[in-house]
Amino acid sequence: MQYESIVLPQNYTVPYRLLIHQVQVVPYHWHDFMEIIFIIKGSIKLEIEKQEMVLSEGEVAIVNSCYRHSIQSLTSDNIVYALQIREDFLRSEMGSLDSMTFGIAHQTTANDIALLKRYLSELALMDIKKQRNTHLLRKVKVLEILNLIEQRFSREKQEQEGVLSLDRKIMDILLFINNNIAEPLTLEDTAREFSMSPAYLSKLFKKSLGINMMTYIFEYRLQLVCSDLVITDRKISDIIFARGFNSISSFNDRFKKHFGMAPNQYRSLNKQGLAIKEEDITHSLYNYINLMREDSLSDLFRPEHQEDRFTNESFHSSSYEERVIDMSSNLAPYDSSITRMIGVGRAKELLDADLQNQLLQACKEAGLNRVRFHGIFSDDLMVYHEENGVKAYNFRYIDKIFDFFTEHRILPFIELGFMPNALASGKQTMYRWEANTSQAKDIHDWTRLVGQFIRHLINRYGQAVIRTWDFEIWNEPDLEGFYWHGTQDEYLHFFKETYQTIKKVDSKLKVSGFSGTSWSVVNTEWTSKALKFMEENDIILDSFTYHIYPIEWNLEATYFNLWTASRKGLYSYADSNYIVSTVKEIHRLIHAAPSVNQGRTIITEWNSSSDPRDLLHDTVFMASFIVKNVISSVGYVDVMGFWTLSDIFDEHLLSLDTFHGGFGLMTVEGIRKPSYYAIAYLNQLGDTLVYRDEQLIVTKDDEDNYQILIHNYQEYDELYKTFNTSHISLKNRYGVFAEEADKHLKLTLQNVYGSYTITKQQVNRIYGSTYDTWVDSGGAEMNPEYVNYLKSISVPRMKIQKERIQGDFVFELSLEPHEIVFLKMDKTI
């Protein structure tokens, strides 16, 4: 029988160890710590002091200190949570420990078990997050667990219960056997070690454990061999000798007599593809395999383990900062057009009346004036077809889109693509609406379509109007085999032919490229090769365009593997400064490029992730994310076109949930999200930059009106950064941050003179977050009345005051996690 001790992580000040593991066979063993076992998935057989019990998913058990026990898997796939708390700590916190034993007691209720599982999941989450004072929080949570089990899971210990605790001498003998199990142990040698006669040792051992010592040693070695057979790939002969047997033939005979089969048959029957590295063999309870994988954590953090009735008030840490700002400063011009462009999924969606209304609302309220979209040549717009060898062009649906734009003075950013099926060389597609991403089978047919399209626009809307529009050739051609089926050389030839076709119609039209991924711009040679090609062919891009999502790819993976359907482990969320650092790097690369007009760069897509079901997209987190990244990127990029305006988005099947994590600033129903207000505030900034740092931006206009925008951004925890969504759910989305901290800020504004109307607007979880309002109001299914209620009530908090200022003015501000605050100081007469 094996003895196990706890080896604590170095940063733990509370003597406990937490394991989430897959179990096959755990030999009969004991330890001087309490172990709480929680079955997350599957089922096991747990034997404690010769009493067997079957534990299935959702059930818990407590193994008391110094109680002998073993575990055997009953299902092919199981996940077991084990919390081990050392006895010396138990004794220091529970004065009556010696008189108690723990387990499911007569007073234990279902609520008690649910609360215990909640505490266990919260403790596991602490090991994932990087919070301040984690050691204190761990201790508090462990003490909560101990208080609960003492009150609800304890009973008075009966005499003779836990026999290992009665005789320290036997414990020492068992430790000696455990530490020397691979040696040729005999009764005589062991008795000599403890200054006993062999007869006395044999009698003491049999009395204490109910089995003679040599039989015990054999059975213990046999259990270890069985465990090695199941969970390692070591040679059977190596296992036999390593576990203290000195004859293979003798062992095989005894093994077959005991199990009715040979060792190799036992391995084949019980092995389930799990293997432990050789260096792990010597670790205590080495057959525990620590998985910490997504499915185990998803089960651990699912709602039934976190009942709402047990919700505790959360406490945020906080910081205090001061700023002194000279409002007479003129650091640089500020161009608010940086955030006036927005993305829409595809051209066909712009014929949808709901989307049109949302766009008009956002233009009016949030200051948008420019729209980028895919699929201007998609077949559902019926632009091109061939009949009896005749090539036909039909721009009637396209006219409806651009008529809408020109009527409302919206500037289109037109991505030329994808390939009409009648022109396509293949049938490769992307998205639910099957955008054809193959090359043209005849480049001349493609350029004739482009030329006809450009001439049609000029004839319908006028040359002066079309010169204010932007044209972009294709989308993410750097992702070969996905958005572009061909080589880079073939794309560059395609680009050149398309570019020259447009310029032949009007040389002053604005043509940009390449809308590739920021990842490939920075980490591959694709862009440098493309820019060299542009220079060699006298091609000048009006703007260099690209997409950016804060994702870091595994550079050791092959380029193709990064874009396969299964990308687990190939990427992670980047750190909080990824966007600004990448924007600066691309600015450096492009600024001096002779083939890009004035080094101008435009981000035509960006968001917090490229996942159209990212549940954080609906939350107030997005407001701080947008503000943080825009104010940090000012000066290094000309336009940041957010992706997208609305959750009306046809690339994937439409979700039945209103708050399903879509890309949009607005839901399908037109409910404004916190991200909507972030864009709106950015578009109200003045044209002169007064002050900027990582937390805030200050601007002014020619009439000495001032604008101040502040955010309290919070970073993801390490688990969520790995794209593990186990601790986020439809109605609980704020548990994925490393630490949520309040921010207290004192702003002293200097050199301000005159009378001002000061407007303060706040967006946080209480004000301006429709998702949080929906959760707080019950999270019911949507109906028209409920939608109107959310639209009307989920607005930013506004406070207005009038002040006459002669020199200095002080703002004392407190921001909740993720909150943004917009201050406007409008001068009055």
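Contact here means heavy atoms within 4.5 Å. The model shown in these views is predicted.

**View 1. Helices H13 and H14 pack against each other at an angle of about 45°.** Helix H13 covers residues 396-407 and helix H14 covers residues 443-461, and their axes are 12 Å apart. The two helices are therefore oblique to each other. Their crossing is right-handed. On the H13 side the contact involves Ile 398, Asp 399, Phe 402, Asp 403 and Thr 406; these meet Phe 453, His 456, Leu 457, Arg 460 and Tyr 461 in H14. Sorted by class, this contact has five nonpolar, two polar and three charged residues.

View 2. Across the whole structure, a search finds 61 aromatic pairs. One of these pairs is formed by Phe 402 and Phe 453, whose ring centres are 6.4 Å apart; their planes stand at 45°, so the pair is tilted.

**View 3. Nine strands form an open sheet with parallel pairing.** The order of the strands is E28-E27-E24-E23-E22-E19-E16-E15-E29. Strand E28 (639-640) and strand E29 (642-643) are the edge strands, and each pairs on one side only. Within the sheet, strand E15 (residues 341-346) pairs with strand E16 (residues 370-374) in the parallel sense, over five bridges. Ile 342 stands opposite Val 371 in E16.

**View 4. Helices H18 and H20 lie against strands of the sheet.** Helix H18, residues 526-536, lies across strand E23 (510-517) and strand E24 (544-548). The direction of H18 runs at about 160° to E23. Helix H20, residues 621-633, packs on the sheet and touches strand E27 (601-606), E28 and E29. The direction of H20 makes about 170° with that of E27.

**View 5. Helix H20 also packs with helix H19.** Helix H19 spans residues 578-591; the angle between H19 and H20 is about 25°, and their axes are 9 Å apart. H19 and H20 are therefore roughly parallel to each other. The crossing of these two helices is right-handed. From H19, Ile 579, Val 580 and Val 583 make the contact, together with Phe 625, Asn 629, Ser 632 and Ser 633 of H20. By class, the contact of H19 with H20 has four nonpolar, three polar and no charged residues.

Technical notes: Residues are numbered from 1 along each chain as its sequence is written. This is a predicted model: local features need pLDDT of at least 70, side-chain atom pairs count only at pLDDT 80 or more; totals for chains, interfaces and linings use all residues. Side-chain values use heavy atoms; hydrogens and water are left out. Axes are lines fitted to C-alpha atoms, for helices over the stretch in contact, and angles run from 0 to 180 degrees between N-to-C directions. Helices (H or I, at least four residues) and strands (E, at least two) are DSSP runs, numbered from the N terminus. Angles under 35 degrees count as roughly parallel, over 145 as roughly antiparallel, 65 to 115 as roughly perpendicular and the rest as oblique. A crossing is left-handed if the near helix is turned anticlockwise from the far one by less than a right angle, and right-handed if clockwise. Ala, Val, Leu, Ile, Met, Phe, Trp, Tyr, Cys and Pro count as nonpolar, Asp, Glu, Lys and Arg as charged, and the others, Gly among them, as polar. Two strands pair if DSSP finds at least two bridges between them. Rings of Phe, Tyr and Trp (its six-membered ring) pair if their centres lie within 6.5 Å; planes under 30 degrees apart count as stacked, over 60 as edge-to-face and the rest as tilted.
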